[in-house]
Amino acid sequence: MHGTSARLLALLSLLQARRDWPGPLLAERLDTSERTVRRDVQRLRELGYPILAVKGPDGGYRLEAGAELPPLLFDDEQAVALAVALQSAAGTGAGIGEAAARALSTVRQVMPARLRHRIDALRVTAVERAGSGANPQVDTEVLVAVGAAVHAREVLRFDYVPAHSARDGEPRRVQPHHLVTWGGRWYLVAWDLDRDDWRTFRVDRIAPRTPTGPRFTPRALPGGDVADFVTEKFMGSAGWPCRGEVILDLPAAAVSRFAHDGVVEELGPERCRLVLGSWSWVGLAATIGRYDADVEVVGPPELAEAFARLARRFEVAGRAAE
């Protein structure tokens, strides 16, 4: 019986490793007969593994997807990788943090002691970048629906709520191409059929409609690479979409510690030039305002206008507090 159990595990591992296995090759790899392979396949079927018999000159077997999830077999590296990924899941914005924690507990319980000790020693904590705020959580059902439309190449219909809008979602029809993450948020890259152009949509603002539309032939993404497309979409070809230059009444050494990807040039003992980028002009002005120093705007005019806008907001806030 011990030999049978070990052989079943070996057979299952082989079936998971590739799509199709000829019967004679399985028998050779397991050092047994084809008749024994057939019996072992039947035993695995009785345990819930959907194994399909493949017809042909050689005959063979294929492990299919089933209606239920049977026990899985992982090697050591796969088990460790799975545990690390589950510990990091809370920071993905996919709304699966609690489910991932339960899955990790389940996986840990069935791990052999040698792996359990390795996982317990490797604690991963996902920490948001300072100042970025909490990432919006995407409903898992929405994520699955959007991903399915991408995979099936079917037109997706949904209601979309733009940023800073109190309106109800507006209907959109798109050809979905890629589901991506950027800065901890999920985005759909798609061809907008009504606007005849490429668009990116925040998935947490999408409410899919059913059923999906007809199948489509994918268009070529500008540049051909989704990573390059998304980077240029959000940061522009030269980096951040908004870049400005100011002169601060602070030493260059004090500014450079917090400038990150900004460029700092020393102009004197207590004076420096700062070139910095951000997602928006108001955001850039607010970031520069954190230095708590006199500011001279070199350019562009949009940055000066953003400072004026912030000044009006702060003045109103100050009067309200009186």
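Good morning. The protein has an accessible surface of about 19700 Å², and carbon and sulfur atoms hold 53% of it; such areas are computed by the Shrake-Rupley method with a 1.4 Å probe, and for residues only the protein chains shown count as cover. The model is a predicted one, in which local features need pLDDT of at least 70 and side-chain atom pairs count only at pLDDT 80 or more, while totals for chains, interfaces and linings use all residues. Residues are numbered from 1 along each chain as its sequence is written, and side-chain values use heavy atoms, with hydrogens and water left out.

Let me begin with the overall composition. The protein contains 11 helices and 12 strands. These are DSSP runs numbered from the N terminus, helices being H or I of at least four residues and strands E of at least two. Of the 322 residues, 31% are buried, where buried means under 20% relative accessible area, exposed means over 50%, and partly exposed lies in between, with a 1.4 Å probe and protein chains only. Among contacts with a separation of 6 or more, 55% are between residues 24 or more positions apart; a contact means heavy atoms within 4.5 Å.

I turn now to strand β4, residues 156-160. Strand β4 runs antiparallel to β5, with 5 bridges joining the two, and strands count as paired if DSSP finds at least two bridges between them. In this pairing, Tyr-160 has Glu-170 of β5 as its bridge partner. Strand β4 is also joined to β8, residues 206-208, by 3 bridges in the antiparallel sense, and there Phe-158 stands opposite Pro-208.

The next strand to follow is β6, residues 185-192. How many of its residues are buried? The count is 7 of 8, so β6 is mostly covered. Strand β5, residues 170-182, pairs with β6 in the antiparallel sense over 8 bridges, and Trp-182 stands opposite Arg-185. Strand β7, residues 197-202, is joined to β6 by 6 bridges, again antiparallel, with Val-189 opposite Thr-200. The hairpin of β6 and β7 has 4 residues between the strands, and Asp-196 there takes a positive phi near 55°.

The aromatic residues come next. The whole structure holds 5 aromatic pairs. Rings of Phe, Tyr and Trp, the last by its six-membered ring, pair if their centres lie within 6.5 Å; planes under 30 degrees apart are stacked, over 60 edge-to-face, and the rest tilted. Phe-158 and Tyr-160 have ring centres 6.2 Å apart and planes at 75°, so they form an edge-to-face pair. Ring pairs link these two residues and Phe-201 into a cluster. For Trp-191 and Trp-198 the centres are 5.6 Å apart and the planes at 80°, so this pair is edge-to-face as well. Both Trp-191 and Trp-198 are buried.

Finally, consider helix α10, residues 281-289. Which of its residues are buried? They are Val-282, Leu-284, Ala-285 and Ile-288. These residues lie on the same side of α10 because they cover an arc of only 160° around the axis, the arc being that of the directions from the helix axis to the C-beta atoms. Their cover includes β9 (242-248), β11 (271-278), β12 (295-299) and α11 (301-320). Thank you.
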